[in-house]
Amino acid sequence: MLSSLFSNFSPTAGEKRLYVAALAVSLAGGVVSFTIVSQMGHDQAMLRRLSGADYWFVIAGVLGSLCALFAGRDWLGHGGALGVLKLVAGILAITFMGTIIGGTLALPFYGTMFGPMMFCFTVAAHPVLALIWVNALVVAHLLMTDWRRERDSIFAPLNRSVTVVTARQPQAGARQNWLNPKRDREKRRA
């Protein structure tokens, strides 16, 4: 059953890199959200028993990072100096969107405000997390460069020849009214 379901699924090399980029960003989002969850309690221990709500917060961080990557995919994968500027803007935009989406999924209304705030506090307390997050987005940028190049190669440049089309003068007795041919017949008979 599963083999027939995935038999037509054959992603290209660029699409495979896009999937790996999404996996890297989602794992980084999960690591950051797990650290945020583990720092919320009074004991602040990394290895503690997680409740169902804690698991949901981690899943919300993964989903938030995936949704933010999808929303900010136009910022990533461009080459040159402009591509680096777009990468920096994309890192800021994806980070902000990811914290808002993940926070909203974790705690509706409250999480929308506390998601970005908790992210900033946790990254300030643990700079290694900022390094993990930024590296995941840079890797996604590099992987999406190949995907973007592959997508751009599909569309060949158009031939820029100029074609001029002129309207002909109607001939005598030709059909003039193409919307209502009955009227033309009536005019010809009269």
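The protein chain in this predicted model has 7 helices and 0 strands. From the N terminus on, its elements run α-α-α-α-α-α-α. Of its 190 residues, 29% count as buried. Among the contacts with a separation of 6 or more, 67% are between residues 24 or more positions apart.

**Helix H3**

- Helix H3 runs over residues 52-71, and its 20 residues should span 28 Å at 1.5 Å a residue.
- The end C-alpha atoms of H3 are 28 Å apart, which agrees with that expectation.
- Which residues of H3 are buried? They are Asp-54, Phe-57, Val-58, Ala-60, Gly-61, Gly-64, Ser-65, Ala-68 and Leu-69.
- Gly-52 and Phe-70 are exposed, on the face of H3 turned away from its buried side.
- The cover over the buried residues of H3 includes H2, H4 and H6.

**Helix H5**

- Helix H5 covers residues 110-125 and has 16 residues.
- From its first C-alpha to its last, H5 reaches 22 Å, close to the 22 Å expected at 1.5 Å a residue.
- Gly-111, Gly-115, Pro-116, Phe-119, Thr-122 and Val-123 are the buried residues to look for in H5.
- Why do they share a side of H5? They cover an arc of only 135 degrees around the axis, so they fall on the same side of the helix.
- On the other side of H5, you will find Tyr-110, Met-113, Phe-121, Ala-124 and Ala-125 exposed.
- H2, H4 and H6 are among what covers the buried residues of H5.

**Helix H6**

- Helix H6 spans residues 127-154 and contains 28 residues.
- The distance from the first C-alpha of H6 to its last is 41 Å, close to the 40 Å expected at 1.5 Å a residue.

- Ile-94 lies in helix H4, while Phe-109 is found in the loop between H4 and H5.
- Is Ile-94 buried or exposed? With a relative accessible area of 0%, Ile-94 counts as buried, because buried means under 20%.
- Leaving out residues up to four places away in sequence, Ile-94 touches Ala-68, Leu-69, Gly-72, Leu-76, Trp-133 and Leu-137.
- Two of these contacts of Ile-94, Ala-68 and Leu-69, are listed among the buried residues of H3.
- Ile-94 and Gly-64 are 30 residues apart in sequence, and their C-alpha atoms are 9.6 Å apart in space.
- Phe-109 has a relative accessible area of 76%, so this residue is exposed, the cut-off being over 50%.
- The phi angle of Phe-109 is near 70 degrees, a positive value in a residue other than glycine.

**The largest pocket**

- The largest pocket holds about 390 Å³ of space.
- It is lined by 23 residues, and those closest to its centre are Ser-33, Ile-36, Gly-102, Gly-103 and Gly-115.
- Which elements give two or more residues to this lining? They are helices H2 (13-40), H3 (52-71), H4 (80-106) and H5 (110-125).
- The lining of the largest pocket divides into 12 nonpolar residues, 11 polar and no charged.
- Gly-115, named in this lining, is also a buried residue of H5.

**The second largest pocket**

- The second largest pocket has a volume of about 160 Å³.
- Its lining consists of Leu-18, Ala-22, Leu-66, Leu-69, Phe-70, Arg-73, Met-144 and Trp-147.
- At least two residues of this lining come from each of H2, H3 and H6.
- H3 gives the most to the lining of the second largest pocket, with 3 residues.
- By type, the lining of the second largest pocket has 7 nonpolar residues, no polar and 1 charged.
- Phe-70, in this lining, is also one of the exposed residues of H3.

Note on methods
Residues numbered from 1 in each chain as written. Predicted model: local features only at pLDDT ≥ 70, side-chain atom pairs only at ≥ 80, totals over all residues. Heavy atoms only, no water. 1 Å grid on protein atoms, 1.4 Å probe; cavity = no way out; pocket = protein on both sides within 12 Å on 5 of 7 lines; lining within 4 Å. Points joined across faces, edges and corners; volume = space filled by probe spheres on them. Helix = DSSP H or I, 4+ residues; strand = E, 2+ residues; numbered from the N terminus. Nonpolar A, V, L, I, M, F, W, Y, C, P; charged D, E, K, R; others polar. Expected span 1.5 Å × (residues − 1). Buried < 20%, exposed > 50% of the residue type's maximum accessible area, 1.4 Å probe, protein only. Arc of directions from axis to C-beta. Contact = heavy atoms within 4.5 Å.
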